[in-house]
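Reader: I'm new to this one. Could you walk me through how to read its salt bridges?

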Amino acid sequence: MDIEQNQAELIDNFVKQASAQKGTALGSVILEATSHPSLFAFSEILALPTVAELEGTENSVYLKVLQLFAHGTWSDYKSNCSSLPQLVPDQVLKLKQLTVLTLAETNKVLPYDELMMELDVTNVRELEDFLINECMYAGIVRGKLDQLRRCFEIQFAAGRDLRPGQLGSMIQTLSNWLGTSDNLLVSIQEEIKWADTMSELDKKHRKEVEDRVEEVKKSVSVKKLQTVSRLKLSSEGSRISTLNLVE
């Protein structure tokens, strides 16, 4: 099954479950969602009214966990672990996978040293096994492990949920891109217009040259005929003079 289709079906399933639950029961749904090996998007669940109602209650910790998996990283968890519940192994794995996706958002070449620090991995073998078995085989990233340069070259990375305020930044980035594209299009159109103008000038110049060549050819032909005529007349005159002398 296509990974995007699988994501959509999982999201729909968990949204239905979370919409029908409250309190501790809703916390169990959030635990299951954040532990699921194939789910990597949580914004639809986070946007549910039942989830928002957890704010300020004794179950608000489940909201914080969901926010962590929607927008955070393994480092974020370590920095705030005192206010969060201990994660189960499947959640730890999931959060580290999401951490790789976050790092890939801003850099397509990830140094091994940075990855090992962000993921709490102690050696290169363990890191490469994680990237291959838990990231590339899972379909969330594609890339090349460069042992010589000690880096992971990202070719594709799945997108994460948009963080608060990130939408405005993305819209601005897209607007800038559209502006640049419009300017490039105008520049291309001007280049095409210039090329068309030069083409017309070239055609005109070529026509002028061809006309000049024809004129020269005609002039040469006329001169040639004139020369031949003069030679004929001269020859005729010489022959007449010879005949007169003979007589």
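This is a predicted model: local features need pLDDT of at least 70, side-chain atom pairs count only at pLDDT 80 or more; totals for chains, interfaces and linings use all residues.

Reader: Where do Asp211 and Lys207 lie?

Author: Here's the general idea: an α-helix has 3.6 residues a turn, so residues three or four places apart point the same way. In this case, Asp211 and Lys207 both sit in helix H10, four residues apart, about one turn of the helix.

Reader: Which residue does Lys203 meet in a salt bridge?

Author: Glu200, at 4.0 Å from N to O. Lys203 and Glu200 are three residues apart in helix H10, which covers residues 166–246. Both of them are exposed.

Reader: What does the salt bridge between Lys78 and Asp120 tie together?

Author: The side chains of Lys78 and Asp120 meet at 3.2 Å, N to O. Lys78 is in helix H6 and Asp120 in the loop between H8 and H9, so this pair ties together parts that are 42 residues apart in sequence. Lys78 is partly exposed at 34% relative accessible area, and Asp120 is partly exposed at 39%.

Reader: How many salt bridges does a search of the whole structure find?

Author: It finds 11. Some salt bridges form a network, too: Asp146, Arg149 and Glu153 are linked that way.

Conventions
Residues are numbered from 1 along each chain as its sequence is written. Side-chain values use heavy atoms; hydrogens and water are left out. Helices (H or I, at least four residues) and strands (E, at least two) are DSSP runs, numbered from the N terminus. Buried means under 20% relative accessible area, exposed over 50%, partly exposed in between (1.4 Å probe, protein chains only).
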